[in-house]
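Please consult the sequence and the structure below.

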Amino acid sequence: MGKIPVRFVYLTSIAADIFRQPRFHGSWDPSVTAPMQVITGEDGCPVFEVTVEIDDSLAGAELRWGVILDAPWRTNLWGIATEIGDPGSADRYRSFRLQPPGGCAPQEERYHLTHCRRLGAQKRFWRGAAPGGQFSVWAPNARLVELVFGKFGRRRDEQGGYIADDGSGSEGPALPMTRDREGVWHTDPSAPELADFRRLDHRLYMFRITKDDGQVAYRTDLYSRCQVGKGRVNPEGRPYTGRFTELDGSVSCSVIIDPDTVTRRFSEPDWPESEFMPAEEFWRDEYDRSRPLPMRVEDLVLYELHVGSLGFGEGRPGNFGDALAFLDHLVDLGVNAIELLPVAQFEGDEGWGYGTSHYLAMEFTAGGRDQLKHLVKACHQRGIAVILDVVYNHYKQERADRAQWMYDTNAHDRNIYYWYEGSPRDYPDPTGGYIDNDSTGYAPRYDEEMVRKLFISSAVSLVTEFHIDGLRVDQTTSMHAYNWLHADGRKVGRANQFGQKVLRELSRTLRMVNPNVILIAEDHSEWYQVTEDVEQGGLGFDAAWYAQFYHHLVGDAANRGVQDARLIREAGYGDDRPLAMDYLAGALAYSGHKKVVYHESHDEAGNARGTHRTLVTAVNGAPLVGETRRFAEARCRFAFGLTMLSAGTPMFLMGEEVGATRDLLYNRVAEGKVDFVGERAGAGARMFFYYRDMIKLRLERKALRSRELEILSTDRERRLVSFLRWHGPDALLVVATLSNRPLGDVVLDHPRLGDADWKEIFNSDAAFYGGDGGGNRGATLRSERGRLRLTVPANGIVVFVRASAPP
């Protein structure tokens, strides 16, 4: 019996040196593991390899393999994060068919944990110390792929940044590329034009693709680290004679970027930048030990921030420089985490960012990738974690020409980045085979591993290269539950199964490279598996958005007919109608089930039909003057207070803290800008102080950062709810009402109150916040046999601490 040598290679494509002691495991001999050699690959990243001899009696058989790794936080980690292609299985292994002997070189099998440095424009270390360049692109349907460079003037007034369909805008000869067995095309390592990566840095490029039907098309690099262009112009393939600053970055040229360097200064006078420093040196002073970052999702107070809505009075979309200048405001406010709306490259120049086109490039209008790194570092130095919205449920809203749409073919059923069912012949309209998922645009092709790896690689890049602390994944429900056929609305269960698969692979891979990464799902399914560990069959998220909390607390007019309390909206009519406080109590009780709670988000601040900023909703649009404004602010204090005092992770939207009233619209961002400095010093001062003090209370009390909450009572007529919050001996009592008049004779009767002293430590009606100063004036009240009598101010909240409990 002979032996057949097979070489197995595990490539991380991550520059960080994370894993130790790699061991090979093969299904044909499960009792044996073989140590793997650790080398530095041509991409400069750790690679593990081993050659194993397999009995030739197994020639032709399908065999399985994998790798076992150690990490600083865990040993015996199964290194295959990718699941097999069976939609009903979460098994993870690589399979291959053993070839009969006879070749000159051993059969080779490879696994890429990520594609961060596999695809796109990358450094390659195959010519000694000085790295060269290599370009790689997945285009399995293409007849031919070539690399072309774009023209770019160094001055802002010079033309460039775009290659038209006739080739104008390009410079130099096209470089041929060669296809491998996975449909990935690579440039020739010996090409003299690519010998020195330093000479390639910041050059513009595109791929010229000859599609399967012979049509020639120019395509951007979907693994691009930068898309040049700060405007809205889409030449639609025609010759372009304008400046790069006017181009829409989603259709402009891709830019070669060195991922191992960062601009030395936050702001450069022009582009391209000229002064760089090694990334390792840049991150060296990232943290301040006196201002530790929150490490658990329960410890976060999230401030939802849209960068483009900053820069009040500048006459342009906000950028990372504006965000950096805004940090002092956030430090004064006391938040310990910001949730940035998407900043990956998106269409246009001032939208919210949910029309992502390039997942590894940062929005050029906002300042690009290095300025985002400066912002993240500045946040960390101030003890502020950065959670970033990412969009993996759809691509840019319009046809993603030059990006995902028809990348290497004109056949719908071969459209590599989009899910398509059957053949175009099956439908009167050939677009009928695409999948809708209740988000803008057709669903991605989640059953293709290369598509899933695009999303996963972008996420890993954000965590490892940008030091992002966590991700908020947009509309996960669209990925695992909402998929249906465009032609007739039939559910496509297989698409849902693969949507679950990509979410499991995402969370699993991220936990492999950083176990402390915080993962939040915008998920509206209430499926408990969303926040279960992937090892128990869940999707692996730490928390999920809880929209029902918003609907009960504030209310969305578009949801009429649904059983929602809509308390702030109903109270805003100004009468004494009973309110469904029991509905809110149910949401409060459920908030401890790994939920992110909010009373206002970007979607519910004027963008969704019937919604407005909470201050406006609180009086149903009445002029905010005199007593009307006082009532509106009191109800807003009620809404924010219950968000902060809930058992969920609290989040609120930028501008609330100064009483913003302008609608926030995704396509009219400039209209929603707020003068934070002016409002904070003027009409918004009292609201700012209230938000600051409530946040401080939340972060100082362990009971308020626990998941423990028990409802004591509700009263629809008196518009009242009371509940307990606790952690160990630390116990807090919260009593809140939306009554238009003070309640001076509230009696709570519940055995959990016991015989104890309760000291009032917070009152939302304090005169300092613009209230009447009602309440219990900081008194210590005694409960006997579970019975406690107290006063609650109009539209107010009072918080008591059990006097014997430590802080």
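The report treats the helix pair and then the cavities.

The model is predicted: local features need pLDDT of at least 70, side-chain atom pairs count only at pLDDT 80 or more, and totals for chains, interfaces and linings use all residues. Residues are numbered from 1 along each chain as its sequence is written, and side-chain values use heavy atoms, without hydrogens and water.

**Helix pair**

Helix H12 (residues 626–645) packs against helix H14 (residues 685–700) at an angle of about 20 degrees, and their axes are 10 Å apart. H12 is therefore roughly parallel to H14 (angles under 35 degrees count as such). Contact means heavy atoms within 4.5 Å; on the H12 side the residues include Glu633, Arg637 and Phe640, and on the H14 side they include Arg686, Tyr690 and Met694. By class, this contact of H12 with H14 has 10 nonpolar, two polar and four charged residues.

**Cavities**

A cavity is a set of points on a 1 Å grid over the protein atoms alone where a 1.4 Å probe fits but cannot get out, and lining residues have an atom within 4 Å of a point. The structure holds five cavities of 30 Å³ or more.

| Cavity | Volume | Lining by class |
|---|---|---|
| Largest | about 110 Å³ | seven nonpolar, five polar, three charged residues |

Of the 15 residues lining the largest cavity, His306, Gly308, Phe346, Glu363 and Ala366 lie nearest its centre. The lining of the second largest cavity includes Pro342, Tyr359, Asp389 and Leu462. Strand E24 gives the largest share of that lining, three residues.

Definitions and conventions: Axes fitted to C-alpha atoms, helices over the stretch in contact; angles between N-to-C directions. Helix = DSSP H or I, 4+ residues; strand = E, 2+ residues; numbered from the N terminus. Parallel < 35°, antiparallel > 145°, perpendicular 65-115°, else oblique. Nonpolar A, V, L, I, M, F, W, Y, C, P; charged D, E, K, R; others polar. 1 Å grid on protein atoms, 1.4 Å probe; cavity = no way out; pocket = protein on both sides within 12 Å on 5 of 7 lines; lining within 4 Å. Points joined across faces, edges and corners; volume = space filled by probe spheres on them.
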